[in-house]
Amino acid sequence: MWSNIIGQERVKRVLTGALEREMLPSSYLFLGPEGTGKDAAAFELAKAINCLEPRSGGTEACDVCVNCLSIDQLSAPFLHFVYAQAKDVESASGPKDEDLEIVREQLALKANDKYHNIEIPKAHLIGVLQIRELRLALSRSLVSGKRYVVIVSEADMMNQYAQNAFLKTLEEPHANTIIILTSSNPHRLFPTILSRCQEIRFDVLANDEISDALVARDEISREEANFLARLSAGSYSQARTMIGEDIRAMRTEIVAFLRMGLSKSRRNAVKEIDVFVPRSGGGSFLEKRVAVEQRLVLLGLWLRDALALATGSHERIINIDQQQDLDKFVSRFGEPPRIIRAIRAVEQAQGQTKQQLQLRPVMLNLVMELEAALL
Ligand SMILES: [Zn+2]
């Protein structure tokens, strides 16, 4: 049912309108920031198309028929779900058992919650073999379901070979098939792919939409939900990764990181990176990455607040309880172009972290970029 999707009323109207008029394109691109419900909407659309007892004049899934349930469980024979996998999957030796275990676990989480971001170590690629597999599946005749649905999650993870192969898939007519790409970085997709898809843009979520969802779905208090929604930058997933974390302590770390990183002492900077990315211990690579991602988000918000303060837009400050520290920062490093450059450096580090580069060099590079920007 469309109520599974948080906010996005405009998107829902466009999709239900297309269902109502039976005017679905052969391929959609759902684009917009991470954590705004693109994958969730793709699955919801797949259900609405294939539901055996659709509601609202045939535009809404019932969520209880066998087709809806099998799509929700990612097990429908007429659903092909493509997501980034570890490179090992494509190697001759095949994936290791423990990696398969993680994949199974991640798919189970996705089945249970379409807002879950699949996190598989070293998975930063949708490879050409996966696209060949898809083409093979599409070439077979359909056995069940009203329409075959392909969902390519974070489609920009396709490398160029995969994109080339995928382009051929888009060019071949497939009766009764709908392809839905989702992407928060559509500029990484070939223009020839973009031009063949109907684009649906997802909006960042409003704070109250995120706060309501956190209270209803994640069972946290209204006060905490409001606090996390403010820090979420409109992304429900981002808000959720911070549940149960000591955000206030993390912010203190970040202020210290900025102070030490900008103290012109390389030894201090390295010491601060140890706080972000411990040399040993500190959990698995994924856990460390999440920890770094959270701190980068908070660092970005902090710098945006500094920018708001420096440009007199006080009403946009998120860390309202940190005014004193912000004031001190702005009085020293308050030139807006410098702060903007620092924000770009943080965004670059966020991109590199997402691509799963080594975390320590990313952070060291960030310190140097921040120095260059602010000092
Ligand atoms: Zn149904």
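**Stop 1**

Start with Glu154: it has 23 C-beta neighbours inside 10 Å, so it counts as buried, the cut-off being 20 or more. Keep in mind as you click around that this is a predicted model. Glu154 sits in the loop that links strand E5 (148-152) to helix H6 (160-171). Check its backbone too: phi is near 45°, a positive value in a residue that isn't a glycine.

Now select Leu74, in the loop between helix H3 (66-72) and strand E2 (79-82). Leu74 isn't a glycine either, yet its phi is positive, at about 60°. Is Leu74 buried, exposed or partly exposed? It counts as partly exposed, because it has 15 C-beta neighbours inside 10 Å.

**Stop 2: the nonpolar core**

Next, select Phe30, Ala46, Ile151 and Ile180. These are the residues with the most contacts inside the largest nonpolar core, which has 98 residues. Which helix gives the most to this core? That's helix H13 (residues 285-310), with twelve residues. The core also draws at least three residues from each of domain 1 (2-203) and domain 2 (245-374).

Zoom in on Ile151. Leaving aside residues up to four places away in sequence, Ile151 touches Ala42, Phe43, Ala46, Phe81, Val82 and Ile180. As background, nonpolar side chains tend to be buried together in soluble globular proteins.

**Stop 3: the two domains**

Colour residues 2-203 one way and 245-374 another: these are domain 1 and domain 2 in the domain assignment. Their C-alpha centres lie 34 Å apart. Where they make contact, four residues come from domain 1 and four from domain 2. On the domain 1 side, the residues that touch domain 2 are one nonpolar, one polar and two charged.

**Stop 4: helix H16**

Finish by selecting residues 359-374, helix H16. Try the distance tool on its end C-alpha atoms: they are 22 Å apart, which agrees with the 22 Å that 16 residues should span at 1.5 Å a residue.

Now highlight the buried residues of H16: Leu359, Val362, Met363, Leu366, Val367, Leu370, Ala373 and Leu374. Why are they on the same side of H16? They cover an arc of only 140° around the axis, which puts them there.

Key:
Residues numbered from 1 in each chain as written. Predicted model: local features only at pLDDT ≥ 70, side-chain atom pairs only at ≥ 80, totals over all residues. Helix = DSSP H or I, 4+ residues; strand = E, 2+ residues; numbered from the N terminus. Expected span 1.5 Å × (residues − 1). Buried ≥ 20, exposed ≤ 12 C-beta atoms within 10 Å, placed from the backbone. Arc of directions from axis to C-beta. Domains from an automatic or database assignment. Contact = placed C-beta atoms within 7 Å. Nonpolar A, V, L, I, M, F, W, Y, C, P; charged D, E, K, R; others polar. Core = buried A, V, L, I, M, F, W, Y, C linked by C-beta atoms within 7 Å.
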